[in-house]
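Please have the model open while you read. The points below go through its pockets first, then a helix packing and an aromatic pair.

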Amino acid sequence: MFGKRGGDASGKGSGQATPPQARGMPTVQPVLAEAGVDGARSAPAFVPQASPMGQPGAAEPARRRTTRTEEYYDTKSQVFSALIDTIDLSQLAKLDQESAREEIRDIVNDIISIKNFAMSISEQEELLDDICNDVLGYGPLEPLLARDDIADIMVNGSGQTFIEVGGKTIESDIRFRDNAQLLSICQRIVGQVGRRVDESSPICDARLPDGSRVNVIAPPLSIDGPALTIRKFKKDKLTLEQLVRFGAITPEGAQVLQIIGRVRCNVVISGGTGSGKTTLLNCLTRYIDTDERIITCEDTAELQLQQPHVVRLETRPPNIEGEGEITMRDLVKNCLRMRPERIIVGEVRGPEVFDLLQAMNTGHDGSMGTIHANSPRECLNRMESMIAMGGYTLPAKTVREIIAGSVDVIVQAARLRDGSRRITHITEVVGMEGDVIITQDLVRYEIEGEDLTGRIIGRHMSTGIGKPQFWDRARYYNEERRLAAALDAMEQQGGGL
């Protein structure tokens, strides 16, 4: 298929190709110019692991690699050059990922045999993996993307890469050959979702096949080379039960959240950057009935809903002429014409909050969204400010009445200073008293101190409210007994962890 392989040697490679991880792999593209010659240095194993909303736990073991030498890179450069001269790109593009990796490994094994490179079996396997990653995958990023204990990958130019593990940021020893190789990999990532990043369009949001969020900002805006940030998704989707195990919420609090999702309360999830808002939103959507029509609106599609009837919408940036932009507000407005039963906005950042509130207040109960804010009260203020950003000239009291009449529950998530994530408030929006929106907390997280390792100690406290504002809604869905039992249990046990 690939023509003559540069000699009589025709032995098959001794190693078997490792199939791609559950995150999926990019479509094979015959663009070897994008592939870098320098290999990836795998990040060292790191023991603690943080789930997106939980305590650090046991890490997935990471394979350690030997320290790379200049001789290794020189050998890899020669093998890579010979591979480019030998391989038939048009045929390679027709293969699936696993078959393409096998063919590349076979040819590389032949090249190593013909050129008589002195390499151990482990060194040869590392070389094979690196070259396959460069040609078919994301080059030096592949070892990091394969690890499920990493929450974020932050590449600051070709010479510096940081990762978040266990809620803490540490430097990895991953390096790229140069900024050109890094930009090529960024272009390959964003090209998969029909977007582009270059000097004329230096900022881009995209996603990986598994839904992981990607942001790229390239020169001339990024001074020291392309800056790539990847918010990784775990292969195994988290559930509320797992968040309970990680200590993010108590079992009784989790049951209250289940009921809130089930009885079609309008929910806003509030939190700071990296606090686990999207993870929590994914968890709540698991309790939506399977017969409901759900429409999601996102800047980059990352929600992972399990229901069968889901329509996923994604914004579109302007083209190079500055035309063709589709904003979040355009998507939310269009949702109303698509017979939605629930509208879920991945992240509310601007005037689209007004359209979402209107939808919540006009028969689309159970709609949800996330907002950047550090407390439930700040979340309400942020919504008011975002409505003002849209140019609406409504009186402040009218805006607050719209908010109070639309939002039922605010769930506050926070990332604490020890790296753990907690649900710190489950807060009801009760109504208006004069010009002020009245809220009441059902559950609140109280910090009590820290242990000898620096881990924060605290507990979720019930505020003693036995009949929340959405009680009638719970009774309509026959959930009032379960809600009462959960609230009573929280009050009796004190919600201690």
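Predicted model: local features only at pLDDT ≥ 70, side-chain atom pairs only at ≥ 80, totals over all residues.

1. H9 gives the most to the lining of the largest pocket: five residues. The helix spans 277–285. Four strands also supply at least two lining residues each: E3 (150–156), E7 (213–217), E8 (227–231) and E13 (368–372).

2. Now look at the pocket itself. Its volume is about 880 Å³. The lining of this largest pocket holds 42 residues. Find the ones that lie nearest the centre: Arg 213, Arg 231, Phe 233, Thr 278 and Glu 302.

3. Which classes of residue line the largest pocket? The lining divides into 18 charged, 15 polar and nine nonpolar residues. Colour the residues by class to see this.

4. Move on to the second largest pocket. Its volume is about 620 Å³, and 25 residues line it. Nearest the centre of this pocket are Arg 195, Ile 203, Arg 316, Pro 317 and Pro 318.

5. Which element gives the largest share of the second largest pocket's lining? Strand E6, residues 203–207, does, with three residues. By class, this lining has nine nonpolar, eight polar and eight charged residues.

6. Two packed helices are described by the angle between their axes and the distance between the axes. Helix H11 covers residues 352–360, and helix H12 covers residues 376–389. They pack at an angle of about 115°, and their axes are 7 Å apart. H11 is therefore roughly perpendicular to H12, because angles of 65 to 115 degrees count as such.

7. Which residues make the contact between these helices? H11 brings Val 353, Phe 354 and Leu 357. H12 brings Met 383, Met 386 and Ile 387. The contact has six nonpolar residues, with no polar and no charged ones.

8. Last, check the aromatic rings. The model has two aromatic pairs. One of them joins Phe 354 and Tyr 392. Their ring centres are 4.2 Å apart, and the planes are at 35° to each other. The pair counts as tilted, because that class lies between stacked, under 30 degrees, and edge-to-face, over 60.

9. Why does this pair tie together separate parts of the chain? Phe 354 sits in H11, while Tyr 392 sits in the loop between H12 and helix H13 (396–406), so the pair links parts that are 38 residues apart in sequence.

Note on methods:
Residues numbered from 1 in each chain as written. Heavy atoms only, no water. 1 Å grid on protein atoms, 1.4 Å probe; cavity = no way out; pocket = protein on both sides within 12 Å on 5 of 7 lines; lining within 4 Å. Points joined across faces, edges and corners; volume = space filled by probe spheres on them. Nonpolar A, V, L, I, M, F, W, Y, C, P; charged D, E, K, R; others polar. Axes fitted to C-alpha atoms, helices over the stretch in contact; angles between N-to-C directions. Parallel < 35°, antiparallel > 145°, perpendicular 65-115°, else oblique. Contact = heavy atoms within 4.5 Å. Phe/Tyr/Trp six-rings, centres within 6.5 Å; stacked < 30°, edge-to-face > 60°.
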